[in-house]
Amino acid sequence: MVITTSMLKNRYSGYSNPLDKIKRDASNGSLFRLTRGIYETDGNTDPCLLASSILSPSYLSFDWALSYYGLIPEKVFSITSASLNIRKSKTFTNKFGRYEYSDISSNVFSEGLTYLERGDYIVKIATKEKAICDSLSKWRVVNSVKSLKELLFVDKRIDEEEFSNCDFKLMMRLAALYKKTNLDLLIKLIEREYSPTSVRLEPLKQEDEEQFIKDNQYAFKYGAEQYFSPGEMEEQFEEEGEIISRQTILDSIHRDGSITYRIVDEDQPVGGIIVHVDGEKGDLEIFFVHPSCHSKGIGQAAWKEIERIHNNVKVWETVTPCFEKRNIHFYVNKLGFHIVKYYNERCKEEGITEELWEMYRLQKVLP
């Protein structure tokens with residue numbers, strides 16, 4: 001519990017010198033000094049819950065909030081907060097850690113906040129959209145959308161998948177309040193690449209079959225090129241120059257019980273899905289989104305449609321190559337699949353051929 005010197009004086013009013021009693025308690029570990037006149041009684045309190053007590057008004061934001069929301073990969077050692085009217089950034093260090101505070105203008109200070117609640121503690125924290133806006137208002141100024149993307153996704157290593165899941169309407173509303181170059185560019189970036197999409201699934205028409213195959217091969221080849229050198233790529237080819245063969249795709253399209261969909265966004269085909277459904281069991285055979293449409297939430301939206309259309313399916317399964325880290329992240333962290341099998345040369349199960357070696361089997365069980 002956070003407690004002030006004034007509160008402690010009342011508690012120790014029976015002592016001849018309450019201040020000496022406070023000092024003794026602080027020395028023997030009964031009290032923990034946060035800053036002048038403010039103490040914490042529990043040494044095991046999560047440090048982030050104390051930030052707003054050390055300096056008020058303030059709320060958790062910047063790097064600490066970005067890390068909390070999984071937007072940056074690094075572990076953050078300082079607890080960073082946005083403050084109001086302190087003019088000069090301040091730093092406090094105590095038993096619980098290092099606390100850093102930096103001012104945000106008053107017209108945006110109270111916007112885009114939520115609460116972090118743990119036990120009896122309640123602290124204000126920026127939403128992830130606000131944390132991004134706050135951070136951009138403090139980072140170096142750039143002069144183009146291209147430079148902003150480099151700042152976000154290369155220099156600061158913002159996770160593009162997590163960024164694509166932001167509430168862009170909220171982010172644009174907040175960004176407009178700052179009146180700063182970086183935030184104006186953020187609005188342009190969202191308008192260009194992250195505008196709300198109307199993703200839908202359309203059954204594949206026979207006349208579109210060839211284009212579906214070409215798009216599938218292009219997407220799979222693009223994915224492999226991110227992991228293999230040109231020499232290594234040849235070892236992955238299922239047919240000359242292709243990671244997945246034309247015949248493999250045709251076999252999936254025309255397999256009894258298979259259903260093939262075009263993923264369509266704004267009336268343009270942007271990917272495809274082939275599923276095989278047998279009662280309450282579904283196999284995801286092929287799933288691809290055109291590389292130009294990655295990190296826009298299209299894959300997640302398409303899968304939601306699959307689960308809506310085939311709502312009788314209770315268990316979905318698929319396989320993906322072990323090298324495809326992007327796919328594994330997408331299936332496990334975004335769609336809720338779990339890895340249930342690793343296929344390799346040591347697998348003795350019936351039906352496990354070399355084609356399945358170095359593949360993961362993934363499964364999603366629905367309630």
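Strands β11 (residues 258-265) and β12 (residues 268-278) run antiparallel to each other, paired over eight bridges. Pairing here takes at least two DSSP bridges between two strands, and strands (E, at least two residues) and helices (H or I, at least four) are DSSP runs numbered from the N terminus. I263 sits opposite G271 in β12.

This is a predicted model, with local features needing pLDDT of at least 70 and side-chain atom pairs pLDDT 80 or more, while totals for chains, interfaces and linings use all residues. Residues count from 1 along each chain as its sequence is written, and side-chain values use heavy atoms, leaving out hydrogens and water.

Zooming out, the open sheet has seven strands in the order β10-β11-β12-β13-β14-β16-β15, with mixed pairing. Its edge strands, β10 (199-203) and β15 (338-343), each pair on one side only. From one strand to the next, the twist averages 30 degrees.

| Helix | Strands touched | Angle of directions |
|---|---|---|
| α11 | β11, β12 and β13 (281-289) | about 80 degrees with β13 |
| α14 (residues 298-309) | β10, β11, β12, β13, β14 (315-321) and β16 (359-365) | about 55 degrees with β10 |

Helix α11 (residues 209-225) also packs against α13 (residues 246-254), at about 125 degrees and with the axes 10 Å apart. The contact brings together E209, E210, F212, I213, N216 and Q217 of α11 with R246, I249, L250, I253 and H254 of α13.

How values were computed:
Axes fitted to C-alpha atoms, helices over the stretch in contact; angles between N-to-C directions. Contact = heavy atoms within 4.5 Å.
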